[in-house]
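Open the model in your viewer and keep the selection tool ready. This tour goes stop by stop.

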Amino acid sequence: MNFTDIMKIKGAWNEFSNSHPQFVKFLNYMAENKIEEGTVFSVSVKKPDSDKEIKTNLRVTKSDLELVETLKSMAGKK
């Protein structure tokens, strides 16, 4: 990745952070607190032109945690 790409990503992240500060706080909290096996994530999506809301849950498994650790090690972060 070259310097120009890094600066584009940084600019996009800054714009995202300014537009969605509560979501960024949530991401920071999740990064700072260990997720345990059995933790449940609930996600819902509602499009602006629809009253329909789609919801789902994900219960974290041991293999999920192993995948996250593998990805962290590949990114050089522990």
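What follows is a list of stops, each with something to select.

**Before you start**

This is a predicted model: local features need pLDDT of at least 70, side-chain atom pairs count only at pLDDT 80 or more, and totals for chains, interfaces and linings use all residues. Residues are numbered from 1 along each chain as its sequence is written, and side-chain values use heavy atoms, with hydrogens and water left out.

**Stop 1: helix α1**

Select residues 3–19. This is helix α1, and Phe 3 lies in it. Helices (H or I, at least four residues) and strands (E, at least two) are DSSP runs, numbered from the N terminus. Is Phe 3 buried or exposed? Phe 3 counts as exposed because its relative accessibility is 61%. The cut-offs: buried is under 20% relative accessible area, exposed is over 50%, and partly exposed is in between (1.4 Å probe, protein chains only).

Together they make a nonpolar surface patch of about 570 Å². A patch takes residues with over 30% relative accessible area and no salt bridge; like charges are joined within 9 Å, nonpolar side chains (Val, Leu, Ile, Met, Phe, Trp, Tyr) within 5 Å. Accessible areas come from the Shrake-Rupley method with a 1.4 Å probe; for residues, only the protein chains shown count as cover.

Next, pick Lys 10, also in helix α1. Lys 10 is partly exposed, at 46%. Its C-alpha is 17 Å from that of Lys 25, 15 residues away along the chain.

**Stop 2: the largest pocket**

Select Met 30, Asn 33, Ile 35, Val 68 and Lys 72. Of the 16 residues lining the largest pocket, these are the closest to its centre. The pocket holds about 570 Å³ of space. A pocket, on a 1 Å grid over the protein atoms alone, is an open set of points where a 1.4 Å probe fits, with protein on both sides within 12 Å along at least five of seven lines; lining residues have an atom within 4 Å of a point. Grid points are joined across faces, edges and corners, and the volume is the space filled by probe spheres set on the points.

Colour α2 (21–32) and α3 (62–75): each gives the lining at least two residues.

**Stop 3**

The term means a side-chain nitrogen of Lys or Arg within 4 Å of a carboxyl oxygen of Asp or Glu. The structure holds 1 salt bridge. Lys 72 and Glu 69 are separated by about one helical turn, because they are 3 residues apart in helix α3. Lys 72 is partly exposed at 34%, and Glu 69 is partly exposed at 36%.

**Stop 4: the strands**

Select Val 43 in strand β1 (residues 40–46). Val 43 and Phe 3 are 35 Å apart, C-alpha to C-alpha. Finish at Asn 57 in strand β2 (residues 53–59). Asn 57 is exposed, at 56%.
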